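Reader: I have a structure open and would like to go through it with you. Can we start?

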Amino acid sequence: MTDVRLVATQLITGLLSQQGSIASLLPDAQKQISERDTALLQQLCYGCTREFFRLDALAQHLLKKPFQSKDYDLYAVLLLGLYQLREMRIPEHAVVHETVELTRLLNKDWAKGLINAVLRRYQREAIALDQTLSQHSDAYHWNHPQWILDKLKHNWPEQWQSILVQNDIKGPLTLRVNKHLLSREDYLNKLSEDGITARAGTMCDQAIILDEPMDVHLLPGFDQGWCSVQDEVAQLSGYLLDAKADEQILDACAAPGGKLGQLLELLPEDTSVTALELSEARSQRIHANLQRLNFSHRCQLINGDAASQDWWDGTLYDRILLDAPCSGSGVIRRNPDIKLLRQNEDLLKLASLQLSILSNLWSLLKPGGTLLYATCSVFPQENERIIERFCKQQPEAIHQPLELSWGLARPLGQQFFPQLHSHDGFFYAKLIKSIDSGLSRS
């Protein structure tokens, strides 16, 4: 087995080199370590990434000159060392020793003295460094890249500070109870019997929020489909779409299948749903979720591009759920590497893709049908502005206000921001296709 800190170094190096996300790099990384080190690896990688912009500001301040790109691995070593000194309950002398030892494992013994000196200086000057950088570095104070700071300040002058703070606090583990098998009250009782403390959600009658995260496979009945992991605001999708048993229903961009599973839970046993997913690899996650819920026979899963009609058999849909590809800016607290991987210019590309998918799927919707547009983003460029542009292009699109008690009602759609011990950032907009649109083409 490989040293867990070395594996963490390799993963962070891959992240810095834009080789992938933590979620994509972690499976291979976990194969290199013992099972007992899995939790430590995750804590090191997610923790270091969550605190990246503070750690980066510290490292840049402490180093006389930055590392070259060929030494990203040494920079990862330094960041991991600083993270452990700041955030983990490990004796400081052990952190310094283990971190310096990584230079040997990387065959870069020449850096031992440098890493040792930087970490020991941080130990001596930690309080003063924190005060100095908090006052003079926005990146350190807010722990976000400058482009996100600027955009949030501009878009949400009253909410931007709260959004940034919540992005750095881990989101709770929220469950969705499978109503086909048992009620929420019954499942809360089963959790209590197992000594697991939890509370009912306030938005959806399927939602349960655990007081503490845990291995989901240790939850009663999880492997038998009694519950699924899904943020409470995402659970609104099934209720807002309001699909009926006798309708043609499409879940577009369906992976990993959380909203699809809920749709099937809310519909009668003899109702099926069509699911569309571009990525064959991500489709495997849909298959796994459907099998666990015993819903495979109720879903036609198609691999295809939601921005084209190559896959379409000509059937018009009564209801379409479009969970559009987006920046993920509303779920940074669950995927902190978004702060490193996303760039400002990505939003323009994503907006173009979102509008293209929305326009294509609209042509597959029956007159009088409903399309629910959803993203896990807090940027208006991906949300209300997309709906505004689309409605200008499609006069037959009727925006239907959601009239929810939660979130922020916008002229077009409903915006949600991440909340402590509650839901993630999200956006919904409901569009109805005018019945007259069918007459105008006949």
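Reader: How many of the nine residues of helix 13 are buried?
Author: Seven of the nine residues of helix 13 (residues 258-266) are buried, so this helix is largely enclosed by the rest of the structure. Buried means under 20% relative accessible area, exposed over 50%, and partly exposed in between, with a 1.4 Å probe and protein chains only. Helices are DSSP runs of H or I with at least four residues, strands are runs of E with at least two, and both are numbered from the N terminus.

Reader: Which residues of helix 13 are the buried ones?
Author: K259, L260, G261, Q262, L263, L264 and E265.

Reader: What sort of model is this?
Author: A predicted one, in which local features need pLDDT of at least 70 and side-chain atom pairs count only at pLDDT 80 or more, while totals for chains, interfaces and linings use all residues. Residues are numbered from 1 along each chain as its sequence is written, and side-chain values use heavy atoms, with hydrogens and water left out.

Reader: Next topic. How many residues are in the largest nonpolar core?
Author: The largest nonpolar core has 52 residues, and L41, L78, L79 and L82 have the most contacts inside it. Such a core is a set of buried Ala, Val, Leu, Ile, Met, Phe, Trp, Tyr and Cys residues joined through side-chain atoms within 4.5 Å.

Reader: Which helices supply it?
Author: At least two residues each come from helix 1 (4-16), helix 2 (22-30), helix 3 (38-50), helix 4, helix 5, helix 6 (92-105) and helix 7 (112-136). Helix 5 gives the largest share, ten residues. Apart from this core lies another, of 49 residues, including L236, C299, L321 and F417.

Reader: Back to L41. What does L41 touch?
Author: Leaving out residues up to four places away in sequence, L41 touches V4, V7, A8, L26, A29, Q30 and I33. Contact here means heavy atoms within 4.5 Å.

Reader: And helix 4 with helix 5, at what angle do they cross?
Author: Roughly 110°, and the axes of helix 4 (residues 52-62) and helix 5 (residues 72-87) come within 10 Å. Axes are lines fitted to C-alpha atoms, for helices over the stretch in contact, and angles run from 0 to 180 degrees between N-to-C directions. Helix 4 and helix 5 are therefore roughly perpendicular to each other; that label covers 65 to 115 degrees, with under 35 roughly parallel, over 145 roughly antiparallel and the rest oblique.

Reader: Which residues make the contact?
Author: F52, R54, L55, D56, L58, A59, Q60 and L62 of helix 4, with Y75, L78, L79, L82, Y83 and R86 of helix 5.

Reader: How does helix 4 lie to helix 7?
Author: Their axes come within 11 Å and cross at roughly 115°. That makes helix 4 roughly perpendicular to helix 7. A57, L58, H61 and L62 in helix 4 meet V118, R121, Y122, L129 and L133 in helix 7.

Reader: Different spot. Is W110 buried or exposed?
Author: W110 counts as exposed, at 56% relative accessibility. W110 lies in the loop between helix 6 and helix 7, and touches D71 and L74, not counting residues up to four places away in sequence.

Reader: Last one: where is A324?
Author: A324 is in the loop between strand 8 (317-323) and helix 15 (338-341). A324 is buried, with a relative accessible area of 5%. With residues up to four places away in sequence not counted, A324 touches Q354, Y373, A374 and T375.
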